[in-house]
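Morning, everyone. Please look at the screen while I talk. I'll keep this short.

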Amino acid sequence: MMEMPDAGPQIEFIQCGPGMLVGLSRFDSASEFEDFESGDGLLKFHFQAQGSACYSVPGTSDVVVEGPMSVFCYHGRGVSKRSQIAARPSFAVTAVCDPSMLIERLGIAREEWPSMLDRCQSESDGAWFAEAARLTPEMLGSVRSLQKMAFQGITRRAYVEARAIELVCDLWGQLASSAPAPLGLLDERTLAKVERTRLHIDNNYAEPLVMQVLARNAGTNESKLSQAFRAVYGMTVFEYVRNRRMEEARRLLRRCNMSVTEIAFEVGYEHSCNFSVAYKRHFGVTPKSERSTLRH
């Protein structure tokens, strides 16, 4: 990553597990700041809570980020990008990751990627793709929590990782919902493979689930399984796994005396902090708040 001069944004970089780096960027200056960066073939999920910025790549339309807004981009190797940050207070969260993280950590098969991103990834060098999206109230709340958090050390890293993954998933959900649903009827063999996959998830939702393995177990490829699963259930495989985990977590909270940390491990989360953030995003309350309500 390029080091910023003192007059530029103050950026805190936090390594969040394998393949993902999160930057928390603060800028408050009386003059505009300009920076040039050469691409390194990575995906960037940018969440701007306040402020204004413009990103320019030769031969493409400028990407203007104004106020609460999110941007998803692929910055190919060697592609020169100019960033201009307006002279006013700003705060942004940027998650930078290798494209393989979408598959390996989030279970998003390549066939679920926007077609433009898939082409850029195939070209690798000299490719640029950017798409702006909303910063929903829930996403803005997550960004604000990262701006104001006081955690330090391991807790800080775990909290940033949990919030960043939630933001990436929310932005990806916007991109996925704008993609056309698969057309045509599915034959009985394909439906059987989808059902086999669903049953496997229901029985193993707490385990790390990889799309490639699920497809192999179903006797098909990742592309066909992803499209068919979404056609049948109206959600991606990853979204189904997350929903299944949340349903079981709520059942355990209501019917047993396990601690929140124990329940987090039971449904497949390594860190209870990540679990609590995901639970609140899914149900609107934290696990502790839900349990407290049940006891009164």
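First, the ground rules. This is a predicted model, where local features need pLDDT of at least 70 and side-chain atom pairs count only at pLDDT 80 or more, while totals for chains, interfaces and linings use all residues. Residues are numbered from 1 along each chain as its sequence is written, and side-chain values use heavy atoms, with hydrogens and water left out.

Now the overview. The protein has 11 helices and 10 strands. Helices here are DSSP runs of H or I with at least four residues, strands are runs of E with at least two, and both are numbered from the N terminus. Of the 296 residues, 48% are buried. Buried means under 20% relative accessible area, exposed means over 50%, and partly exposed lies in between, using a 1.4 Å probe and protein chains only. Next, contacts, meaning heavy atoms within 4.5 Å. Take those between residues at least 6 apart in sequence: 72% join residues at least 24 apart.

On to the six-stranded sheet. In which order do its strands lie? The order is S1-S2-S9-S4-S7-S10, the sheet is open, and the pairing is antiparallel. Two strands count as paired if DSSP finds at least two bridges between them. Strands of a sheet pair through backbone hydrogen bonds, either parallel or antiparallel. At the edges sit S1 (10-15) and S10, each pairing on one side only. Neighbouring strands in this sheet are turned by 15° against each other on average, ignoring direction. For such angles, axes are lines fitted to C-alpha atoms, for helices over the stretch in contact, and the angles run from 0 to 180 degrees between N-to-C directions.

Look at S9, residues 90-97. Eight of its eight residues are buried, so S9 is largely enclosed by the rest of the structure. In a regular strand the side chains alternate between the two faces of the sheet. On one side of S9 are Ser-90, Ala-92, Thr-94 and Val-96; on the other are Phe-91, Val-93, Ala-95 and Cys-97. Both of those faces are covered.

Who pairs with S9? Strand S2 (residues 20-27) does, antiparallel, over eight bridges. There, Arg-26 has Phe-91 as its bridge partner. Strand S4 (residues 42-50) also runs antiparallel to S9, joined by seven bridges. Phe-47 is partnered with Val-93 in that case. S4 is also joined to S7 (residues 69-75) by seven bridges, again antiparallel. Phe-45 faces Phe-72 in S7. Helix H3 (residues 137-148) packs on this sheet and touches S2, S4, S7 and S9. The direction of H3 makes about 85° with that of S4.

Ala-132 lies in S10 (residues 128-133). Setting aside neighbours within four places in sequence, Ala-132 touches Met-69, Ser-70 and Val-71. Ala-132 and Val-71 are 61 residues apart in sequence, yet 4.3 Å apart in space, C-alpha to C-alpha.

Next, the four-stranded sheet. This open sheet runs S3-S8-S5-S6, with antiparallel pairing. Its edge strands are S3 (33-38) and S6 (63-66). S5 has five of its five residues buried. Ser-52, Cys-54 and Ser-56 point one way from S5, and Ala-53 and Tyr-55 point the other way.

S5 (residues 52-56) is joined to S8 (residues 80-85) by four bridges, antiparallel. Cys-54 has Gln-84 as its bridge partner in S8. Ser-56 sits opposite Arg-82 in S8. S5 also pairs with S6 over four bridges, antiparallel. In S6, Cys-54 is partnered with Val-64. S5 and S6 make a hairpin with six residues between them. In the turn, Gly-59 has a positive phi of about 85°.

Last, two helices. The axes of H5 (residues 188-204) and H6 (residues 211-218) come within 9 Å and cross at roughly 125°. That makes H5 oblique to H6. Under 35 degrees would be roughly parallel, over 145 roughly antiparallel, 65 to 115 roughly perpendicular, and the rest oblique. Lys-193, Arg-196, Thr-197 and His-200 in H5 meet Leu-214, Asn-217 and Ala-218 in H6.
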